[in-house]
Structure formats: C-alpha cells, structure tokens
2 protein chains.
Amino acid sequence: MNLRAGKSRVDDGLAAKLAKAGVRLSATATHDLVRGIAAAAPTRDDATWLALISPRRHAALDKSLLALKKHYDRAPDGIGARNASASRLAALRAELARRKLDGFLVPLADEYQGEYIARRAQRLAWLTGFTGSAGLAIVLAERAAIFVDGRYTLQAETQVDGTLYERHHITDSPPQRWLETALKTGQRLGYDPWLHTEDGRARLSAACESVGATLVATETSPIDAVWRDQPPPPLGPIVPHGIEFAGRSADDKRAEVIETIRTAKADACVLSAPDSIAWLLNIRGHDVANTPLPHSFALVDSDDRMTLFVDRRKLTPGLAEHLGNRVTVAAPDALGPALDQLGRTRRIVLYDASGSPAWLHDRLTRAGAKVVRGADPCLRPRARKNLIELAGTRAAHERDGAALVRFLAWLESALKAGPVDELGAVARLLSERGKSPRFMGPSFDTIAGAGPNGAIVHYRSTEASNRRLEPGSLFLLDSGGQYLDGTTDVTRTIAIGRPTPEQRDRFTRVLQGHIALGSARFPTGTTGSQLDALARQFLWQAGLDYDHGTGHGVGSYLAVHEGPHRISKVGNTVALEPGMIVSNEPGYYKTGAFGIRIENLVVVAGIEAPHGAERAMFGFETLTLVPIDRRLVEPRLMSAPELDWLDAYHAAVRERLIPHLKGTPKALAFLRRATRLIAR
Amino acid sequence: MNLRAGKSRVDDGLAAKLAKAGVRLSATATHDLVRGIAAAAPTRDDATWLALISPRRHAALDKSLLALKKHYDRAPDGIGARNASASRLAALRAELARRKLDGFLVPLADEYQGEYIARRAQRLAWLTGFTGSAGLAIVLAERAAIFVDGRYTLQAETQVDGTLYERHHITDSPPQRWLETALKTGQRLGYDPWLHTEDGRARLSAACESVGATLVATETSPIDAVWRDQPPPPLGPIVPHGIEFAGRSADDKRAEVIETIRTAKADACVLSAPDSIAWLLNIRGHDVANTPLPHSFALVDSDDRMTLFVDRRKLTPGLAEHLGNRVTVAAPDALGPALDQLGRTRRIVLYDASGSPAWLHDRLTRAGAKVVRGADPCLRPRARKNLIELAGTRAAHERDGAALVRFLAWLESALKAGPVDELGAVARLLSERGKSPRFMGPSFDTIAGAGPNGAIVHYRSTEASNRRLEPGSLFLLDSGGQYLDGTTDVTRTIAIGRPTPEQRDRFTRVLQGHIALGSARFPTGTTGSQLDALARQFLWQAGLDYDHGTGHGVGSYLAVHEGPHRISKVGNTVALEPGMIVSNEPGYYKTGAFGIRIENLVVVAGIEAPHGAERAMFGFETLTLVPIDRRLVEPRLMSAPELDWLDAYHAAVRERLIPHLKGTPKALAFLRRATRLIAR
C-alpha cells in the first residue's frame, strides 16, 4: 500500500478487498471514514469501528483497515508543532483581511460546548501552542492576546510566544476590558457563532459596543480556512446503550422531555448537548476522549417525533432499529433547513441559551421561530438516576474499588522494592481497571501528583513533570473509570513513608469535612450551595480553604462532570434530589509541598426517619469503596461520631470488596489491614 | 375648644395663643400640622413634636396643642370598622367604573416599600378588614380576591368577608394565575404605580398580557378617592442623628455614594428608601412605628449636590443647618419636575428596580432620562457599621441585656406570686427597657408566645389571644429596642416550670445550631446562604426544620430588618463583611404545643489568625447579652466545645451586665444564678 501518498492515490488492493467482502464503499470513501475514525477517541476493541465498514469480519480487509487506521492515527495535524505560531498567526491575519475583519475570537470550545473536544476543534492549541483545558485568544491586525486562568499562567508563559501574544489572567484582566482598549470605533471583530453561547456572546458584544465596534458572525471558520492539516470531524462509532444499563426506554424518556417542552409552552426543543442526546436515545459514542458521547444535534417535537442530526457513517449495524421509528436520522447539514422550517411555520422552540451555540438562536430567530429560553429538558431527568442505573453504578464501584485496592497493594510492595513514579503508577492503575470486561476507559485524565505536584489542582503528569514518590511525601491520586454500567471518580491521598504532623492535621480536617458532608441530612429543596460549607468548616476554623468546588454531578456511563446540580460556594438553584450522583471532594493544597483530596461519589437518597421526625429528609449513600489512608488520620482531632463513621465506612468497603479480591490474596490482605478499626 | 367640629371651626383661642407665642402659623395650618403628627408614630416626649410648631415652650399654647393632638389621635380613620367591607367595595367599584377601569390591585405597601407603613397607607386593611402584615387584593367588577401567605390563612378567614372576597394562599394559588382566569381580553386592570416596584409589576403585567388584558397605571389612587376618613401623610418630626452616634459625617457618606454612582456610569441616583436617606443624611424621623425613618425621597447628583424631597413642616428647628448647604430641601411634589429636568438634560440615573416604586422609573424614562438599574448605593456602606456605631450598639446591648435580666428576675418571682400572661409580660418588658434614657421605643412588635402561641412564628398577643404562662410550658419572647446608639433584637425561650425531655431535646438542637453558626469562621466572599445550613444541621439530623430565615441584617438606630445581607436558605449573592450586624436565630415550632427560638445579634469581625493559618477569616462577635435558659439545655447531647461556648457566653454576659445591675440586687442574684457553669 502506498499510504504515504494519502487518499488521492489509494491502495488498489483495498478496493478489491472491499468488493470481495461485499462492502459497497469505494476505497476513497473508506479512507475518509477511517480518517474520521482516527480523529475520534479509540474504541475498546477494533471490532467496534471495523463494523462501521463491514458488519462481518474479513481477515484480509480487516488487516488493510487496521493498517489504514494506524496510518491516519499518525497523520500530522499540526497541533504542538514548534515555531509555527508566527506563520499561523500571519496566515490567520491574511485570511481576516480577505474577509474584511479587524480581528477574530479564538475560544477553546467546540459546537457542543463540551468539556472534552476533538483534535479538529483544538483551534486555540494549533494557533497559539497553548494546550491547557481552558483559554481564549483574540487576534487583531496589530495585536493579539491570550487569556488563561490561574491554573495555566505558567503553562501559557512556556507554550505561547510572548512576542506574538500578550498573556493575560482571564479574571484579573478579562478579555472584555482588553477589547475596550484594543478595539477602535467602527472595527469589526469576527467570531464563530458555533463556538460561543448566546450568554457568552452577550458579554463580548457589550464590550465591542462600548467602543463603537461590532461583533460579526462568520459563516465559516477563518481558522479552518488556513489550517491545512486539520483533522476531519470525528467519526466515533455510535452503539446502543442497552436497557439493562439504561434502565428506562428512550420512548419513556422522550415522553418526559416532551412534557417539559409543553409546560414551557413550546412546540419543539433543539438539543445541542451530545450527552443529553446520548441519554435520551440510549446510545453512546466515541467522538471524544473520556466521555462516551456521540457528536450530534437533535430536534424533539412535542408531537412525539424526533430528528437526530448525525453523520450516518457513525451508526453501527442495527443502530437505526435501536433508535426506533419515532426517530429520524438526518445529516448534520440538514439542521439549518430544519430550523428554517420551524421558523416558516412560526413554531415556538425551547432552547438552552447558556449551553447551546449562538448559531442555533440566530438561525431560529432569523427564520421567524419564537425562541423560549430554558434549561435543556434532559438535564433534570438525566441527573436523577433510576434504580437500574444505581444498581449498575454500585456494581461498577465495587469493581473500581477492587482495582484500586489491587493497585494500592501493588504500590505498597513496589515502594519496598524500588522507586515508583507518577507515570508508572498511572499505567499500573489503568491496567488494574482494564481487568474488568466492562471497563471502557478512563473517565478523565488521571491526576497523579507526587509531593509538590499534588498541590497543583489540575495537574497532569508528563515526562517532563514526572516525579518519584519519595518517603515523607503525599501522593494524590484522582482517577475514574467508564464502565458500561457506571462512571466512577475517586481521589485518595496516600502517605509515602511517615507523614508529618502537619500533613496529618490537614488530612484530618479534610476528612472531617468529607464526613460532615457525607453524613448530612437535609430537606427537600436543599441545593449543593447550602451544604458546601459543611465540607469546609474544619479548614476554615484553621484559616485554610481550597479553591475548587466540593462536588460535581456524575453521569451513568456518560460525562464524569454532569449538571445541573453541584456542591460549591457558587450559588446554584438546583435542589438535590434522590438519584442524583455527586462527588464529595474537599481538599487542601500547600503550594510547593503537598496536596490532599478525599473524594467519594455519593448518591442522594431518602433516609429512614428517626423517631419523632416531622419531615422527610434526604441523605447520601456512599458509592465509592476504597480505603482511606489510616496513617494520615489524627484520631485526637476527631469526635466519636466521626470516628464511628470512618470505621463503618471501612467495614462496608471490606465487606463489599472481599468477594472481588478472592483471587488476589495480597490485595485481600492489604484490604484487611487498610480497613481495621481506628485506635482511639 | 370645640374640637368635635374639626378644623373647619377651629378654636379661636388657639389663634390667639399662637400669636402670643410668636408662632406665625394660622390655627388652620396648626390643625393640619397636628393632624399629620397624630398620623405619625409617637415621639418619646412631646417636646419633640411641639418644636415643629414653636421652638420654645409656652404653657398655654402647649396645653392647647396637647389637647388638639389627643383629639386627632382619637380621630376615626375607618380601619377596623365592622361590616363596612361591602359598602367600601361597592364605592371602589363605582370609582373604578367612573375611571373606565375593569379592576384594581390593592397591595399592602406604601410608596417607600417599607416594612412598617403609616395608617394612611393601610388601604388593604381599610378595604377588606384584613390587618396582617402582607397581602394583596384584586378587585374586579364582578369578582374580588385576597391573597395572603400561610401565616395569615386563618386570620384572613376571620377578618375578610368570604361572600365578597375569594380567599387564596398567595404561593399555592398566586394572583398571576387568578388573573389569567378572571381577566378577559381587552380589559383594563388599574394599579397605583407608587405602590408596586418595576420588578413586581413585570410579573403582574405578564399575567395580564397572557390573556390580552392591560395593566393601567392610575394618576391618583381610586381608594384614596373613596376613603373619606383617610389620615393625612404622617408628619413625624425629623431630628439630627448626631455624629456621636452616626460616627461618620454625611459629607463623607455622600462621597462614597457618589463614587458608586460614578462607577455605574450614572450622573445621579434617585433614592426611595427612607432608611437609606436617614443613614446618608444622619437624620432620623417618626413617620412609622418601630423604625425611626423620615418618609422622603432624595436625588443625589454626582457633582456632590443633593435634594431631599420632604414636607418642610417635619423639620425640627436647626435641621436645615444640620443638613448643610450641599443639601436642598424641596417639597414632595417637586420630585416629578426634578425627574423631568433630568430627562430633559438626558442624564443617566441609577435606580433600584427591586426596591423603588415603578412610578419613578416611568417618570424618568418618559422624561427622556436613561435609567441604570442597580442596588441602592447606600445599602452596602449602611450595612458595614463603623467603629462608633459598633461601640454604640455594644453599649445599647448592655442596657438592653440588663433590662431583659431585670425582666427575667421579675418574671421568676411574679410566677411564684400568681399568674402572669403574655400582655402583662410585654408591658413589664417595655417598662424595663424604658428605664434607659436612650431607649426610644420597641424596634418591632414584641412576640410573646406562651405555650402553643409560641409555635406561631409571627405571633402578636391580643386581648383575644392572650394566654397565661402555665407550668410545663415554654414562653417564647422575641423583642427589641430602638436606642439612640443602637437597635436590638433578642429572642429567649423560657421554661415555665419543669420542661419535658422533648422540649429539652429540641431546645438543645436549636442551641447547637445557634452555636455552630455563631462560632463559624469563613473566608472573604462568603454569603449568609452558605452558612445557613450550619444552624439547621442538628434539627435536620432529627427530621426537623424551621420555616423562616436564620438571620437578617440590623440597622444602627434604624430598621431592625435591614438588607442587603441575610442568612437563609434562599440564595443571596451579598458577602458578609466586617461590621455587618446580623441576627442568629434558629428555632423549632411544634404546632399547638410550643415554640423555641434562640436569637442573638452578632457582628461580622476579623478574627485572630490561628497558628498556621494561610487566609484571613471572618467570624462573629456576639452583641446580645442575655442568659440562655440553662434548664432547657441537655448537656449529654452536646459536645465539649459546644458546652465551652455556652459557659464562655454566660461568663461574658455576667461580666458585662453586673455593672448595670448594681442597683437591683434581685436582678443581680438572678444573673449570677442564670450564668453558672453547665454541669457536665
């Protein structure tokens, strides 16, 4: 095969093999498809993506396809190329001049406003070299600037050329203020309406207006016009999410969503969140890392019809039947005309202004539709897990806990045998999780911070940053798995050698907060904002705090960060309701020294009413089953009920994990030691 | 004097006495003035209001004036008249028909959106007979309805004629929904734009629009047109609030307010909250009960000029000098033309849409002014008490605590001597507070609930509801005083005889919540919503809760309920800042049995950083100094730190109050007993 020449001169043998296997795709079309698959997240096995080309396996064809995929996996996309920033910036400026634009906004976002985005959408990284998970660049003819938050200040200084871009802290020196000084009256600042929400655009628009400039939507992205090696949109296979995991039929879910649409006095709803669509249709995808979501848009009609706008090539065999005859599949570019049709018939369309691209709003209103702003109607029912999903997540947490215990047992003996570093630990943990056939991959990039790296809240180990786990240090390990029956997310802080009194004091305060929140009871209507202080109070008493939220919602084999509820200082009006999974993860970070976080997932549940109770209260059932490092607990700081909680938690961990560790006596012995009663 | 004939045939002797005293007022004008004074709140002494007529005292004139005031104090105003509802409703309907209106909204509000309103503004009570503190009536040609909250459901059934008014629960069956069914397309629903905020009007307007009806502002109130005995606007004397209490000059305050106006990019600000105006100008008034505020409006210009719109007759001698030459006094009816002038010059005016009458907005925008919506710029600086105000409130709380201890000592012995009832206790408490020369009156209507009356959260004793304090019951006493140097608000729950185990359990849980909140530490930016759960957690654990907020802001010889901060389940974005006074008042109420509430006022303060602290934390300094009933405390439920808190609090109460009780040995002995250490 002459692969190096790319699809223009495709391997003649491929066409023959396709024909022999009875596949109707041309060799060129197959190249396109495999290139899209390579631009998506890896599937757990090759059979899943091979089925997009042929439902049956043919050894010769498969071999060619695997080689083709390997080729495209290695195809350069230009991201991370050294010293390309200046030429790319110049190319973009030339493109802007051609379009008569005085500038352009380059956010780190895709058209789904997702947390994980495909390589194709890494426009900020391609342009500036900055690879952090949040940021915004503004390019004007003479000036350019990049805005990142405190986590990424140092990284931006290393990665972004300061002679090309002014580098700013996004809250201390916000883009709006920069625009007010950099833009001139009458100038036209371009933006891609697919990459900004209506709410986000309003803030930038106000800044432009205040200096007499205009924000101008582009029809097509000027970056895409100059990014030669840009990957295509991902073509991750879409698979059914069986009722044995979902617990509820798509018809039943749609009925509830339609009820919400009708209550909002709307005729239809446009969905732009792929995880909402995945939940609603009981499907999963492979378009981005860590979250099994299928990039797509959807229209739900109140007369119980639905259109899924998605590249048909992503549908695995049988998926159309799985979707059923109420769901029409249409090409992504049919979305615009479908919205126009809603406008022509003067329909009222429910739309989430805070989570959807402004493009949707503009197209709808231009077409004459009336837009009703409201939360995505899938958010609340998706957050309230059903009994099957809860049973699934309990089972997934047992497997995940067993994997963690095997890892911890390995770590203990490995440290006796020789040095262990962050990347080695990450690899070992992944392999322990991978022993479960239901494990589909990590639910986010593992945070494995040894010593001072543990104090970097969003740390990610690289070859450059990799540290050994040294005696007298703490090792912060935050990781999670995507299992077919549930998503996990757990943080444990592990003493390497003998911890200091300061480390034990801080760990114990974090643990007390974790226990106070985990054992809280609260009435209907209570939000996570109301409970957040329970987790911080012991740190606050000592003049300490942590600069992140205390808890986020978690999906069911879906996004590990899922709304609409959360536990944080920031106000939130969403009440915690039974079935909502949320993390409980207070922490403490001493810059340059160590980091501590204790994270369990918990689920909101009704509780048995104590004698004399007058009102129903909710509480949390703990899902995560991993021992908490007893060497870091200072019992003298804790009350008897707090120690009782810890002992009871360890007893439950032991009881639930023992059956999973029967074949691994060393891990079993570790579990027994790690879950002993705390000496008082 | 022929007083019965009213001012049309005034006493000839008065004119002569006025002339003899050198007072230039006519007898008719004097009648008007005294009638306005009678329509205001009483002053602590007669000299204060007599000075509005003559700065110097003349025995003969004063005697006439006192008689005149007594006459007007007794003048009928029609509120509370039995069996007048039908004729008044008919008169209003006839007036509406004359004005071509299909209906009219009757809120319980005045043009200042105040908590306490003058008799003149009691239009809802006059029309319907309902005397609760919150409600709304809607009168249509054929139907009428009154909407009250859960506190007042029973009261409305007793007071309001069900054959005239449908009676609805304001949240279960809101006025908007009622309007949607009762109003017809094309109908015109009148409202008084002085009595609704822009925000409130928007909700009602949406309901009207949804059925094709229109909300129509009236030029003058149709109720006032048919209310024959309506009192005039109150003419409570306005007095200076000395710098020795205010701690900060009006010039200095105005400079800060102007800074806020400029930051909002506005040229001026219109103030409609009399307590903001009182704070800003260092003045106090007597227009309504319980809060020493002067009904007025004000315009603050960013060029450091200010206009106070107020009836000049209310200014006590020397007040104009106190206001200084930057402040112009204008008549209330000059406000409209002043706003028109702002419009003509295209000025930008800051205006609080949630707290100001919609009339202001409409007049400004009609005149061509640009309105900028934002919080009243006085709110935040008013809430952050200065050191002089804090010293004043500490001193006031000592006097108030001493009065409470004398009362409690009296109660203990009175109960041994014979029966005591709620009204008797209220009177005694008032007389104890009145012994301080700085005491100006109660800061709200005392809540004195014996037994089951204690479970009624907003209870107010009347002759009909009055109960004896019976053995085995609890007595809930929530009261406060207005002192020249500070405002107090304290609730204690007192065991009458031997409390039951249930009462002790509930009291202790409330106390634990009070202690948890009172001893909280928290970082900058923390809101009351974040801390609220600390006060409820012990009740929540037992399946119990209370249906009111945990804390409200308190003024400095001003409103006992003062924004913008509060501690409650309801979301609030205002951070607690040093100098803010707030109540800490968790409770528990068992309907038909007993009520418990423990309320201290506390002030946000910086705290000494503990060893190893990394961040500055705030905490609360306790202001209230009254023993907590030890007989209701169950020490076995409490932790050692909680018991330490209680002992330390009682030690502070004892130490601070002893000097104030030197002359009352019985009260001193009571104090010593009531503040002993808790047996563990």
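This is a predicted model: local features need pLDDT of at least 70, side-chain atom pairs count only at pLDDT 80 or more; totals for chains, interfaces and linings use all residues.
Residues are numbered from 1 along each chain as its sequence is written, and chains are lettered from A and ligands numbered from 1 in the order in which they are written. Local features need pLDDT of at least 70, side-chain atom pairs count only at pLDDT 80 or more, and totals for chains, interfaces and linings use all residues, while side-chain values use heavy atoms, with hydrogens and water left out.

Helices (H or I, at least four residues) and strands (E, at least two) are DSSP runs, numbered from the N terminus. Two strands pair if DSSP finds at least two bridges between them. In chain A, strand E5 (residues 188–191) and strand E6 (residues 214–217) run parallel and are joined by four bridges. A:Gly190 has A:Val216 of E6(A) as its bridge partner. Between E5(A) and E6(A) the chain passes through helix H9 (residues 198–210) of chain A, and this β-α-β crossover is right-handed. Right-handed here has a set sense: with the strands pointing away from the viewer, the path from the first strand over the helix to the second runs clockwise.

Strand E13 (residues 348–351) of chain A pairs with two other strands. With strand E8 (residues 268–271) of chain A, the pairing is parallel and spans two bridges. With strand E14 (residues 370–373) of chain A, E13(A) is also parallel, over four bridges. A:Leu350 of E13(A) takes part in both pairings. E13(A) and E14(A) form a right-handed β-α-β unit with helix H16 (residues 358–367) of chain A.

Antiparallel pairing also occurs in chain A. Three strands form an open sheet in the order E15-E18-E19 (chain A). Strand E15 (439–442) and strand E19 (486–487) of chain A are at the edges, each with a single partner strand, so one side of each has no neighbour in the sheet. Strand E18 (residues 481–483) of chain A is joined to E19(A) by two bridges. A:Tyr483 has A:Gly486 of E19(A) as its bridge partner.

Strand E25 (residues 587–590) and strand E26 (residues 594–597) of chain A run antiparallel, with four bridges between them. A:Tyr588 is opposite A:Ile596 of E26(A). E25(A) and E26(A) make a hairpin with three residues between them. In the turn, A:Gly592 has a positive phi of about 80°.

Chain A and chain B are in contact (heavy atoms within 4.5 Å). The contact takes 30 residues from chain B and 30 residues from chain A. Together the two chains bury about 2,500 Å², 46% of it on carbon and sulfur atoms. Buried area is the accessible area (1.4 Å probe) that two parts lose on being put together, summed over both.

Two salt bridges are counted between chain B and chain A. A salt bridge is a side-chain nitrogen of Lys or Arg within 4 Å of a carboxyl oxygen of Asp or Glu. A:Asp547 and B:Arg615 form a salt bridge through their side chains, at 2.9 Å from N to O. On the side of chain B that touches chain A, the elements giving two or more residues are strand E21 (522–523) and helix H21 (528–541) of chain B. H21(B) gives the most to this side, with nine residues.

Over all chains, the structure holds 102 salt bridges. The side chains of A:Asp287 and A:Lys314 form a salt bridge at 2.5 Å, N to O. A:Asp287 lies in the loop between strand E9 (283–284) and strand E10 (297–301) of chain A, and A:Lys314 in the loop between strand E11 (305–309) and helix H14 (319–323) of chain A, so the pair ties together parts 27 residues apart in sequence.

A:Gly563 and A:Pro564 are joined by a cis peptide bond, with omega about 0°. A:Pro564 is in strand E23 (residues 562–567) of chain A. In chain B, the peptide bond from B:Gly563 to B:Pro564 is cis, with omega near 5°. B:Pro564 is in strand E23 (residues 562–567) of chain B. B:Asn282 is not a glycine, yet has a positive phi of about 55°. B:Asn282 is in the loop between helix H13 (274–281) and strand E9 (283–284) of chain B.
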